[in-house]
Amino acid sequence: MNSPTAGYYEEKPEYYFGGCRHDYVDCLPENPNASILEIGCAHGNTGALALTLGKCGQYVGVEISPTVAEIAREKLTDVLVGNIEEIELPFAPASFDALIISEVLEHLIDPWKVVQKLSPFIKPGGAVFASSPNISHYSVIKELIHGRWELAEDGAMDRTHLRWFTPSLYADLFEQAGFSVEEVRPVTPFGSRTRFINQMTGNRFRHLFMRQISIRGRKQHDPAG
């Protein structure tokens with residue numbers, strides 16, 4: 001399996017890089033002294049919002065596409081260009097108060113190794129926010145029942161995805177890297193019908209309706225420290 005390169009993403013449409021994670025920024029406390037690290041910062045819109053709202057004073061992004069990174073540089077404190085699986089990060093341990101990884105880990109060969117690589121740079125008690133598509137969504141299972149596994153330009157079956165996650169596997173990925181996962185939820189809140197179904201089934205089938213997994217957690221304190 002080859003490591004993804006910037007060329008994988010050059011043909012992606014403009015909207016692919018233009019999103020902003022308002023939900024994550026809303027969860028951050030106002031702290032003009034805070035430092036935030038985002039992997040896959042795209043055009044830098046999430047970081048720009050965090051800086052504008054006084055959620056941090058430093059926002060550092062890592063972006064694989066040089067073209068996209070140039071746009072992000074106009075908005076963020078600093079942007080490193082490269083594949084997060086390959087580049088060395090020039091940060092001291094415990095440099096950041098929060099880590100954001102939005103729709104990135106599914107594109108990597110070894111996301112487990114990457115999260116473990118990033119963990120030391122987050123302060124004890126620092127926040128982590130991450131999201132990825134849910135392969136156990138009922139729409140994917142329906143396709144499998146009919147013998148289909150068809151790749152697409154976006155969504156859970158994006159042809160640039162190398163890894164797939166269920167909600168429990170996604171949470172375990174971060175727990176194994178020294179984070180305590182406090183919440184696992186859908187990126188888009190459930191509608192009233194889905195909430196009713198979940199309530200009637202004791203949330204046992206919640207994973208079937210979650211198109212994208214979102215986790216929120218904290219870096220655990222080192223007991224030896």
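Visitor: Which residue forms a salt bridge with R216?

Guide: This is a predicted model, in which local features need pLDDT of at least 70 and side-chain atom pairs count only at pLDDT 80 or more, while totals for chains, interfaces and linings use all residues. Residues are numbered from 1 along each chain as its sequence is written, and side-chain values use heavy atoms, with hydrogens and water left out. A salt bridge here is a side-chain nitrogen of Lys or Arg within 4 Å of a carboxyl oxygen of Asp or Glu. With the closest N and O atoms 3.2 Å apart, the partner of R216 is E183.

Visitor: How many residues apart are R216 and E183 in the chain?

Guide: Helices (H or I, at least four residues) and strands (E, at least two) are DSSP runs, numbered from the N terminus. R216 lies in strand β7 (residues 212-219) and E183 in strand β6. The pair therefore links distant parts of the chain, and the separation is 33 residues.

Visitor: What is the relative accessible area of E183?

Guide: Buried means under 20% relative accessible area, exposed over 50%, and partly exposed in between, with a 1.4 Å probe and protein chains only. R216 is partly exposed, at 26%. E183 is also partly exposed, and its relative accessible area is 29%.

Visitor: Which residues are linked in a network of salt bridges?

Guide: The search of the whole structure finds nine salt bridges, and the pair of R216 and E183 is one that has been described above. The linked residues of the network are R21, D23, E182, E183, R185 and R216.

Visitor: Why does the pair of R185 and D23 tie together separate parts of the sequence?

Guide: R185 forms a salt bridge with D23, and their closest N and O atoms are 3.2 Å apart. R185 is in strand β6 (residues 179-186) whereas D23 is in helix α1 (residues 22-27), so the parts that they tie together are separated in sequence by 162 residues.

Visitor: Is R185 buried or exposed?

Guide: D23, the partner in the salt bridge, is partly exposed, with a relative accessible area of 23%. R185 has a relative accessible area of 18%, and under the 20% cut-off this makes the residue buried.

Visitor: Which residue meets E153 in a salt bridge?

Guide: The two side chains come to 3.0 Å, N to O. The partner is partly exposed, with a relative accessible area of 44%, and that partner is R159.

Visitor: What order do the elements of the protein chain follow?

Guide: The protein chain has seven helices and seven strands. Read from the N terminus on, their order is α-β-α-β-α-β-β-α-β-α-α-β-α-β.

Visitor: What is the radius of gyration of the protein chain?

Guide: The radius of gyration is taken over C-alpha atoms, and the globule rule is 2.2 Å times the number of residues to the power 0.38. For 225 residues that rule gives 17 Å, and the value for the chain is close to this, so the chain is as compact as a globular protein of that length. Its C-alpha atoms fill a box of roughly 50 × 40 × 35 Å along the principal axes, and the radius of gyration is 18 Å.

Visitor: What is the phi of A42?

Guide: A42 is found in the loop between β1 (35-39) and α2 (45-52), and the residue is buried, with a relative accessible area of 12%. Although A42 is not a glycine, its phi is positive, at about 50°.

Visitor: Where is E103 found?

Guide: E103 is a residue other than glycine with a positive phi, near 55°. At 22% relative accessibility, E103 counts as partly exposed. Its place is the loop between β4 (96-102) and α4 (111-118).
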